[in-house]
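Please read them alongside the coordinates.

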Amino acid sequence: MPLKFSTETYDLSFATSNYEIFFPIGSIVVTEGLKSLLENGLYGSKFYPAIVKGESEGIREDVWALNIYKLLDCWDRDKSVASYPGGVKSLDGIDVAPSVKTFHLSSEILDNIPEKERLLFVMDNTDVTNIFVHQKFVNIFRKHNIQGTRFIKVSNYRFGMEFI
């Protein structure tokens, strides 16, 4: 049974391309065409069948929801800039996730994972929930003129840029 999503978009019938991406809360949903281009390169995630329905009109049944079930802790703590809310690293024995202001990725960790298995991942042990996408996937999005995405190079990222 597919996952079902409704959009706040009144009419979804405009989304007719073989290469579309939708952003329901907490996930991304892509068309079959885009899924086939992305599914080799995922770290700790898997696509599941889905349906996206417009608020009143339009439906896509040829879509797949990405479930990210394993996060990748690969940020370099020495080179990244991070802070802890209130300066507290743990509360009642529970670790507090730091807020990373700028990221530097750990080549030591990444070099131990074949590149083709980490082209898309979500960072672990931080309060930042952005999806990290390798340049190879960015090129796919650009080649197929995928709308609704914005990519920021890790080296240029500053906390909050994803909201601008």
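1. In this predicted model, the largest pocket holds about 1,400 Å³ of space. Its lining is made up of 41 residues. Asn130, Ile131, Phe132, Val133 and Arg150 are the ones that lie nearest the centre of the largest pocket.

2. Four elements each supply at least two residues of that lining: β5 (59–68), β10 (120–122), β11 (131–133) and α3 (135–143). The most comes from α3, which gives four residues.

3. Sorted by class, the lining of the largest pocket has 26 nonpolar residues, along with nine polar and six charged ones.

4. The second largest pocket has a volume of about 390 Å³. It is lined by 20 residues, and Thr7, Thr9, Ile21, Phe22 and Phe23 lie nearest its centre. Two or more lining residues come from each of β1 (3–6) and β2 (21–22). By class, this second lining has eleven nonpolar, seven polar and two charged residues.

5. Threonine 31 belongs to strand β3 (residues 28–31). Is threonine 31 buried or exposed? Its relative accessibility is 0%, so threonine 31 counts as buried, the cut-off for buried being under 20%.

6. A polar atom of the threonine 31 side chain lies 2.5 Å from the backbone oxygen of asparagine 18. Leaving aside residues up to four places away in sequence, threonine 31 touches Ser17, Asn18, Tyr19 and Glu20, and also Arg60, Asp62, Val63 and Trp64.

Key:
Residues are numbered from 1 along each chain as its sequence is written. This is a predicted model: local features need pLDDT of at least 70, side-chain atom pairs count only at pLDDT 80 or more; totals for chains, interfaces and linings use all residues. Side-chain values use heavy atoms; hydrogens and water are left out. On a 1 Å grid over the protein atoms alone, a cavity is a set of points where a 1.4 Å probe fits but cannot get out, and a pocket is an open set with protein on both sides within 12 Å along at least five of seven lines; lining residues have an atom within 4 Å of a point. Grid points are joined across faces, edges and corners, and a volume is the space filled by probe spheres set on the points. Ala, Val, Leu, Ile, Met, Phe, Trp, Tyr, Cys and Pro count as nonpolar, Asp, Glu, Lys and Arg as charged, and the others, Gly among them, as polar. Buried means under 20% relative accessible area, exposed over 50%, partly exposed in between (1.4 Å probe, protein chains only). A polar contact is a pair of N or O atoms within 3.5 Å; within protein, one must be able to donate a hydrogen and the other to accept it, and residues adjacent in sequence count only if both atoms are side-chain atoms. Contact means heavy atoms within 4.5 Å.
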